[in-house]
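Trainee: I would like to learn how to read a protein model one feature at a time. Could we go through one together?

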Amino acid sequence: MYKANFRDREGRTVIIMRPTKENSTSHDGQIRFLVYVLENAILDQREGQEKMVWLIDFTGWTMAHATPIKTARECTSILQNHYPERLAIAFLLNPPKVFEAFYRAVKYFLDPRSIEKLNFVYLKDEESMKVLYKCIDPVVLPVEFGGKNSVVYNHEDYSKLMLQEDIETSSFWEDDAKTVNHAINGTLVPDVASQLSRIAAKAS
């Protein structure tokens, strides 16, 4: 899961998820990283934007890649209770047939607004890809997701970028803390900048 280096046609932040690349079995670590990426995406939003786009690539996915029930349940709870209405639209790229069957079975129990945001798209189906292109310009979309951009994700480069953004974010909160004197029961609020740095370090 990572923040893309491109935006959609409306300038919204794009989050890419690739379940087949999951390399951690830590429940707590995955939850921390989910929150870390979402918070970073929110801070990266342009003025006037409050929602983000999700591109979930299921290419090569099998049941062996399935998220543990406990982790899936907590992720869902966090998204529903702490990030309501943050999702503008979600694209499920090359989802396996089992996903479609499951979706047809449970969609009647889902919020109609959430259903409208989900789009099943397939690289070999030109009509479904048009829905993705309507949101994200194929010129900026990586080739592996059906676009024309030859850029390839590099974890080392991405980590350096996120570290730089963590520093900038910490500076933002540090300046904010210095500007406003917050006091709770006569005790000053702890240094939020140092807390954020520790959280980011654990998440990355």
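**Reading the fold, step by step**

Mentor: Let us start with a single residue, keeping in mind that this is a predicted model. Cys135 has a relative accessibility of 8%, and because buried means under 20%, Cys135 counts as buried.

Trainee: And Cys75, with its 18% relative accessibility: is that residue buried or exposed?

Mentor: The same cut-off of under 20% applies, so Cys75, at 18%, is counted as buried too. For the protein chain as a whole, which has 204 residues, buried residues make up 35%.

Trainee: How many disulfides does the count come to?

Mentor: The general idea is that a disulfide is a covalent bond between the sulfur atoms of two cysteines. In this model the count comes to 0 disulfides.

Trainee: Cys75 is in α2; how should I read a helix such as α2, and which of its residues are buried?

Mentor: An α-helix has 3.6 residues a turn, so residues three or four places apart point the same way. Helix α2 covers residues 69–82, 14 residues in all, and spans 20 Å from its first C-alpha to its last, close to the 20 Å expected at 1.5 Å a residue. Its buried residues are Thr71, Cys75 and Ile78. Seen down the axis of α2, the buried residues fall within an arc of 60°, so they line one face of the helix.

Trainee: What do those buried residues pack against, and which exposed residues does the face turned away from them carry?

Mentor: The buried residues of α2 pack against α1, whereas the face turned away from the buried side carries Ile69, Lys70, Arg73, Gln80 and Asn81, which are exposed.

Trainee: How many helices and strands does the protein chain have?

Mentor: The secondary structure comes to 7 helices and 7 strands, following the pattern β-β-α-β-α-β-α-α-β-α-α-β-β-α along the sequence.

Methods:
Residues are numbered from 1 along each chain as its sequence is written. This is a predicted model: local features need pLDDT of at least 70, side-chain atom pairs count only at pLDDT 80 or more; totals for chains, interfaces and linings use all residues. Side-chain values use heavy atoms; hydrogens and water are left out. A disulfide is a pair of cysteine sulfur atoms within 2.5 Å. Buried means under 20% relative accessible area, exposed over 50%, partly exposed in between (1.4 Å probe, protein chains only). Helices (H or I, at least four residues) and strands (E, at least two) are DSSP runs, numbered from the N terminus. The expected span of a helix is 1.5 Å times one less than its number of residues. The arc is that of the directions from the helix axis to the C-beta atoms. Contact means heavy atoms within 4.5 Å.
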